[in-house]
Amino acid sequence: MTAPTTDRTADGADRRGEPILSVRGLEKHFPIKGGGLIKRTVGAVRAVDGVDLDLYPGEVLGLVGESGCGKSTTGRAILNLQPATAGSVVFQGREIVGLGRKEMRPLRRDIQLVFQDPYASLNPRLPVFDIVAEPLIIHGLTKDEKELRSRVRELVETVGLNPEHTNRYPAEFSGGQRQRIGIARALALQPKVLVLDEPVSALDVSIQAGVINLLEDLKDQLGLSYLFIAHDLSVVRHISDRVAVMYLGRIIEIAEQEELFTRPAHPYTQALLSAIPLPDPRRERARQRIIISGDVPSPANPPSGCRFRTRCQKFANVLSDGERELCMTVDPKLETRGTGHLNACHYAEATSVL
Amino acid sequence: MSTLGTSGTGASASGATAVGASSTGTLSQAGSRTTSLGGFDANAPLLQVSDLNVHFPTEDGAVHAVRGVDYTLRSGEVLGIVGESGSGKSVTSLAVMGLLPGSARVTGSVRYRGQELLGQSDRSMSRVRGKGVSMIFQDPMTSLDPVYRVGYQIEETLRIHDKSLSSKAAQARAVELLELVGIPNAGERVRSYPHEFSGGMRQRVVIAIAMANQPEVIIADEPTTALDVTVQAQILEVLQTALQETGAAMVLITHDLGVVAGFADRVLVMYAGRPVEVGSVEDIYYEPRMPYTLGLLGSLPRLDSSTKERLTPILGAPPSLLNMPPGCPFAPRCPLHIAACDEAEPPLLQVGAGHQAACIRTAEVAKAHGHAADVFSVTGADADLIGVGQVADLTTTEESRETGAPGTPPGDQTEPGAGGTTGRTGSVVSPEPRPTNGDRA
Ligand SMILES: Nc1ncnc2c1ncn2[C@@H]1O[C@H](COP(=O)(O)OP(=O)(O)OP(=O)(O)O)[C@@H](O)[C@H]1O
Ligand SMILES: Nc1ncnc2c1ncn2[C@@H]1O[C@H](COP(=O)(O)OP(=O)(O)OP(=O)(O)O)[C@@H](O)[C@H]1O
Ligand code: SF4
Ligand code: SF4
Ligand SMILES: [Mg+2]
Ligand SMILES: [Mg+2]
């Protein structure tokens, strides 16, 4: 394998051939300005701090983690909506870090972003037809009005909306329907990759289910690949082929969906899975819960060594002083460590917690 | 956010909403408190809500937000209230607490230990609340005053209900309470201000205040919704501690069916301002009788299952509470709908011991034994946009909508539509916005 920093065969991804999107050492730091008249930079929020990812054609890669761990920033840096501080993003064989807006434009057709908030991401003053047609017009993709109409109709039908209603405004639609409009718009340019940033988090579960089903169907019908960002691990398990877990700007574990949920090896992944309540009273009440202490440290000042050590249950309760030394001084790299998949814990041990 | 739970109409006025029975100065069981109201039968429900209705006048007419809620809460039990956004969970609880804005028209009955709470004056209401009902909101800052140290806020709560408490005793108790809710170095942290705490820590302080006066009932409205899941697990543990320490009964409002599964004894499912199913937690999860409950469970992806069974969405959206058509309010979305469903709104019918459902076809629902795919289509989509007609709650700026749209070449650094970063302060955990279904505007 050619992957520069990690052993990609380890998570079983080799059979998919070349990745369509390949991210290496991605960093996005936001400067913190000091007070006073001359705003000097006094530090940096290390929102994304060395992320490696590969997305293969036709797959759904889930990206999960708690609030502020850097999921959205990763998505935006991949799309070059916010320039990366460092690292490389290769999309269809082409490096996109450092490209300007003009150079990005042809690439934008192939990689699109779908936002969390269906209320905020649609222009309220445009009828649905114009919202969906806009990217087609901007990119000059239809030769005449007739083709534009039929293409918009097709897109609207694809996402399960009634094409008779495209003269209505976003406000006249429910949350789930608005999210469908956003998806129709993202599909207008026939992209190959969708970066979906919390696409169903704002929706009630009964509505969310329909949008998840739609995304699954579209992926199969149109041969799309998704980077699916979410904090809801149940949704992510349902839709993803592989899952990457983020903590404080880093991927700390990545594996096939089944492997990650049944044999998590990193103490953070274990705690995260264990913390999620199951909608099943008997199973939920029979569970042993790992409760980790404290809150996520500030990404401006991550702990030395392993970033999770301030909350790690293994560090606190299991390891000897000698073993802890390693956690405090050496930043664990993403390696397999005999667990069968990539993880960033010196003492990784695959354990079932569900 | 537009949920009442977070804006906490009226609740913030008092700084803390927990107002409880007189303090004994210790946190062990307050064994004698059941005698606080003479002649009250200890086996009778602590809290009895009957035919509660709430109307809000709006420009478009009266919004009938709560349409006949009945429930009872017995000593020591946890009643979970679940339902979609806008189904009336928060308004119901605020009505019980007497915390709705003055414009709201509230009818029906709310009895606490047999005593009617509705129609009481503000002053006597706060005295009744003082007998031991306290409330925890989703946003801890609803209950905390940013300008006072947290220790002082706890001490105030204690002193309001026990004037004889010395300031030394109050201080000691505040530290003890903070320790109980798991704040490290409580002795020092009592001197911190709320902004010096993270979201999870603030919610711990709110729980400390809520349990300070040994309430008999704690109403918690989405107490963990704004928190990360690892912090939610901590807070649920603290709530469990609070219940053990005070012996209080709890009404736990949440949209998270996992939280309810682990925490509640009984569950009440709300739809369009009314309970549509009530039962033990096992009845509701394993043998639901109302199609809506069944549909909710079927639309949940499961963390503990790798079989990629297709989810069963519920088509359409809840009805507008402005003009409810006659008949079953779930009818437009119900796969079991028949003509008879449109004749009258089904009342809660007994379907088993302690189990009621508001549906005329519960026998059909029973056959699914909780397996939603037997009743709901797995291929449905919202192909029909008619019947939406909701007023949007558009909270963002024009610019964010413009630049936030995918496909629009964005300005170099800006991309506000993606949310997530605006308004984040320090380590405070910011909630995911959960917009409602629009008819609250
Ligand atoms: N423009 C910015 N300026 C400064 N800090 C930022 C900026 N954007 C993001 N951050 C910070 O970077 C970190 C990562 O934010 P990000 O939005 O990527 O997290 P996230 O994982 O998407 O969280 P959530 O689940 O809440 O959406 C946070 O600490 C955030 O406060
Ligand atoms: N002050 C008000 N004026 C008008 N309508 C209101 C007011 N407060 C609430 N409503 C309406 O009452 C209905 C019930 O709202 P409520 O906040 O109880 O819902 P909820 O079940 O708590 O939802 P969520 O899960 O979003 O918190 C909504 O349709 C809302 O729009
Ligand atoms: S490296 Fe050490 S501190 Fe980090 S997760 Fe592993 S055991 Fe915990
Ligand atoms: S009464 Fe009819 S429409 Fe209403 S839930 Fe039952 S079957 Fe469905
Ligand atoms: Mg985000
Ligand atoms: Mg609410």
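The largest nonpolar core here has 115 residues, and Tyr71(B), Leu178(B) and Tyr285(B) have the most contacts inside it. (A nonpolar core is a set of buried Ala, Val, Leu, Ile, Met, Phe, Trp, Tyr and Cys residues joined through side-chain atoms within 4.5 Å; buried means under 20% relative accessible area, exposed over 50%, and partly exposed in between, with a 1.4 Å probe and protein chains only.) The biggest giver to this core is helix H7 (residues 199–211) of chain B, with 8 residues. A second, separate core of 105 residues includes Leu79(A), Leu161(A), Ile183(A) and Leu260(A). In soluble globular proteins, nonpolar side chains tend to be buried together.

Some ground rules: this is a predicted model, where local features need pLDDT of at least 70 and side-chain atom pairs count only at pLDDT 80 or more, while totals for chains, interfaces and linings use all residues. Residues are numbered from 1 along each chain as its sequence is written, chains are lettered from A and ligands numbered from 1 in the order in which they are written, and side-chain values use heavy atoms, with hydrogens and water left out.

Back to Leu178(B): leaving aside residues up to four places away in sequence, Leu178(B) touches Val150(B), Ile154(B), Ile183(B), Ala186(B), Arg189(B), Val190(B), Val205(B) and Ala208(B). Contact means heavy atoms within 4.5 Å.

Here is how the chains look overall. Helices (H or I, at least four residues) and strands (E, at least two) are DSSP runs, numbered from the N terminus. Accessible areas come from the Shrake-Rupley method with a 1.4 Å probe, and for residues only the protein chains shown count as cover.

| Property | Chain | Value |
|---|---|---|
| Secondary structure | Chain A | 12 helices and 11 strands |
| Secondary structure | Chain B | 13 helices and 12 strands |
| Buried residues | Chain A | 62% of 354 residues |
| Buried residues | Chain B | 56% of 441 residues |
| Accessible surface | Chain A | about 13,100 Å², 50% from carbon and sulfur atoms |
| Accessible surface | Chain B | about 17,000 Å², 52% from carbon and sulfur atoms |

Zooming in on chain A, helix H3 (residues 128–138) has Val128(A), Phe129(A), Ile131(A), Val132(A), Ala133(A), Pro135(A) and Leu136(A) as its buried residues. Their cover includes helix H4 (145–158) and helix H5 (175–187) of chain A. After H3(A) comes Gly140(A), with a positive phi near 55°.

His266(A) sits in the loop between helix H8 (257–262) and helix H9 (267–275) of chain A, and counts as buried because its relative accessibility is 1%. Residues up to four places away in sequence aside, His266(A) touches Ile252(A), Glu253(A), Phe308(A), Ala344(A) and Cys345(A). The C-alpha atoms of His266(A) and Ala348(A) are 5.5 Å apart, though 82 residues separate the two along the chain.

Finally, two non-glycine residues with positive phi. Asn80(A), at about 60°, lies in the loop between helix H1 (71–78) and strand S4 (86–91) of chain A; with 11% relative accessibility, Asn80(A) counts as buried. Ala272(B), at about 50°, is in the loop between strand S9 (266–271) and strand S10 (274–280) of chain B, and its 4% relative accessibility makes Ala272(B) buried too.
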